[in-house]
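Where do its nonpolar side chains gather, and how do its helices pack?

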Amino acid sequence: MFPTSKIKPPGNGSLFLWMLLLCIPVINAQDSLLINTYNRPSTSLNGVWNYIVDPYENGFYNYRLEAFEDQEDPGQNAFFTNAKPSSPSDLIEYDFDLADSLLVPGDWNTQKEKLFYYEGSLWYKTSFDYTPANLTNRTFLYFGAVNYQADVYLNGQKLGKHIGGFTPFNFEITQILRPRDNFLILKVDNKRVKDGVPTLNTDWWNYGGLTREVKLIETTATFIADYFLYLDAANLEQIKGYVQLNGPASGNHPLRLQIPELSVDTTFFTNNLGRTEITFTSENMAYWSVEDPKRYQVSFSSREDQLTDQIGFRSISTREDDILLNGEPVFLKGISIHEESPVRGGRGNSMEDARQLLSWAKELGCNFVRLAHYPHNEHMVRLADEMGMLVWEENPVYWTISWDNPETYALAANQLTELIARDKNRACVIIWSMANETPTSEPRTEFLSKLAALARTKDPSRLISAALEQSAYQGESNVRTIHDAFAEVVDILSFNQYIGWYDGLPEKAQNISWVIEQNKPVLISEFGGGAKQGLHGDKNTRWTEEYQEYLYEESLKMLSSIKGLRGMSPWILVDFRSPRRMLPKIQDGWNRKGLISDDGKKKKAFFVLQQFYNSKD
Ligand code: GCU
């Protein structure tokens, strides 16, 4: 199950914790995740939804704080019943249809001034009529993401709940659906919690709401639920993978795989669990690459169902301190990006948002983006796949979370599982990052090592990393190194460093040297400094564009001295909102480390990095 060579269970009492972590069930009631919803027949539920702000969760609990949904008869006060007075003397103290509205997808913070800082529960409601195209079909309700905890009800029935603000989930509603007046109600709670993933403090805005698309997906009774195809790094003519069917007839079922451009047309048979392993060879494959992001039209057909996808085949691996793409060394010319819309502001969620961000990255000379610190929307990854942009995706295990809490681990494991499920067929994604800037300790390293093992089990075809922290080498402050047990587990040694911003002035970089003892590729996952666009002055005056420019010049020189340097993703492409950044007239709620301002203007440092990347072969 896990590559024992990498992970050694400790000899002490925490063996119990280790064993416990191995078997904690995932905390949500959803059905197995439907993948490739891009190419499945669907009906959008996006649009204008009604909402009720409920800081006291009055629609969820009675005054004794007992959850209505746990009552035999929840009664009309339960908001998920969408109750209406049946006579003038009836007492009902809420009415969704008379309530204000919000756009879905979208965060509530940037849609309503009064909700800008709101963290708590908010109810959403929409109504719809729906008749399946075929009455034997099944129907699923799919959410691209809801931040943070979603309790979902349809026609007064609880479908389930999902925790985690950045990954998709779905529920089967075939039995609950009716032709007319379905009412879908969610309680969305974006309260930050200590044992959550992420935990209480982050350096990004805690946008709440139905932040990504909502849709109905229709399938045949037995359908193609999941599949994975990837190039075998050990044999570049071999494609491996599997297909999983879902439904009463999924056992011993013929599954036809066709890739016309590769003259592949093979039929596999599922086992009695509805799964078939896939292996076939193809001599004349064009590998997906940055220069030529070739994706093949792939179609899967079962007796009833048919599904197509656009899949690129490429191998990604390391050899000592080299990163190999299709067997050739590659340098990752990257930039870090937060999922904020450069067009509207607020949480990004559209193809338009993705296109703006990735076009700026391309203009910067990038072949790589670090999507920080959580899974971004699928548009971003699908577009990167099309554009030939390599991608780092990250699980929101950020700073100091509750390493010893099995529930916290289950939350992290579930979000990672959902991320890998959604994006595993995207050739552009080359790195799964387990975490960012987490304090070294044994429970932390066990936690992260467990996640890394889970990722390798789910996907043997990609590299594992995490944004680690650097420290002084043997007490020598001008000699920096990576002293971290988790550095033994990762494939790529990535770390953040802020010499010249949080640590001294830019010139300090001139006296810094690095001792990297791990014989692995090095990627600088963050460096940078703040600048208010349009503010000018001498190069040692904080917040001026000249300071940021000078910092980039010195940092690039310093980092280029690292022998195994094979990539970087400076912090960050665009200024972004953060509740931790309050300096008036400079920050005003924005982290100003962007190379582009929040209104799309490039700062001087943008051109320093652009020149550096364009000078790199
Ligand atoms: C950290 C962190 C980022 C943060 C950045 C900063 O390294 O990973 O999330 O925004 O530094 O301080 O600007």
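Two residues are in contact here when they have heavy atoms within 4.5 Å of each other. The model is predicted. By that cut-off, and leaving aside neighbours within four places in sequence, L451 is in contact with N395, V397, Y409, A412, A413, L416 and M434.

In soluble globular proteins, nonpolar side chains tend to be buried together. The largest nonpolar core in this model has 93 residues, and the members that touch the most others are I335, V397 and L451. Helix α4, residues 406–423, gives this core its largest share, seven residues. Another core lies apart from it and has 31 residues, including I224, I259, I278 and M285.

A residue counts as buried when its relative accessible area is under 20%. L159 has a relative accessibility of 12%, so it counts as buried. L159 is found in strand β7, which covers residues 157–163. Between L159 and A487 there are 41 Å in space, C-alpha to C-alpha, and the two are 328 residues apart in sequence.

Next come two helices. A packed pair is described by the angle between the axes and the distance between them. For helix α6 (residues 545–559) and helix α7 (residues 604–615), the angle is about 20° and the axes are 7 Å apart. Angles under 35 degrees count as roughly parallel, and α6 and α7 are therefore roughly parallel to each other. Their crossing is right-handed. On α6 the contact is made by E545, E546, Q548, E549, Y552, E553 and L556, and on α7 by K604, A605, V608, L609 and F612. By class, this contact has six nonpolar, five charged and one polar residue.

Definitions and conventions
Residues are numbered from 1 along each chain as its sequence is written. This is a predicted model: local features need pLDDT of at least 70, side-chain atom pairs count only at pLDDT 80 or more; totals for chains, interfaces and linings use all residues. Side-chain values use heavy atoms; hydrogens and water are left out. Axes are lines fitted to C-alpha atoms, for helices over the stretch in contact, and angles run from 0 to 180 degrees between N-to-C directions. Helices (H or I, at least four residues) and strands (E, at least two) are DSSP runs, numbered from the N terminus. Angles under 35 degrees count as roughly parallel, over 145 as roughly antiparallel, 65 to 115 as roughly perpendicular and the rest as oblique. A crossing is left-handed if the near helix is turned anticlockwise from the far one by less than a right angle, and right-handed if clockwise. Ala, Val, Leu, Ile, Met, Phe, Trp, Tyr, Cys and Pro count as nonpolar, Asp, Glu, Lys and Arg as charged, and the others, Gly among them, as polar. A nonpolar core is a set of buried Ala, Val, Leu, Ile, Met, Phe, Trp, Tyr and Cys residues joined through side-chain atoms within 4.5 Å. Buried means under 20% relative accessible area, exposed over 50%, partly exposed in between (1.4 Å probe, protein chains only).
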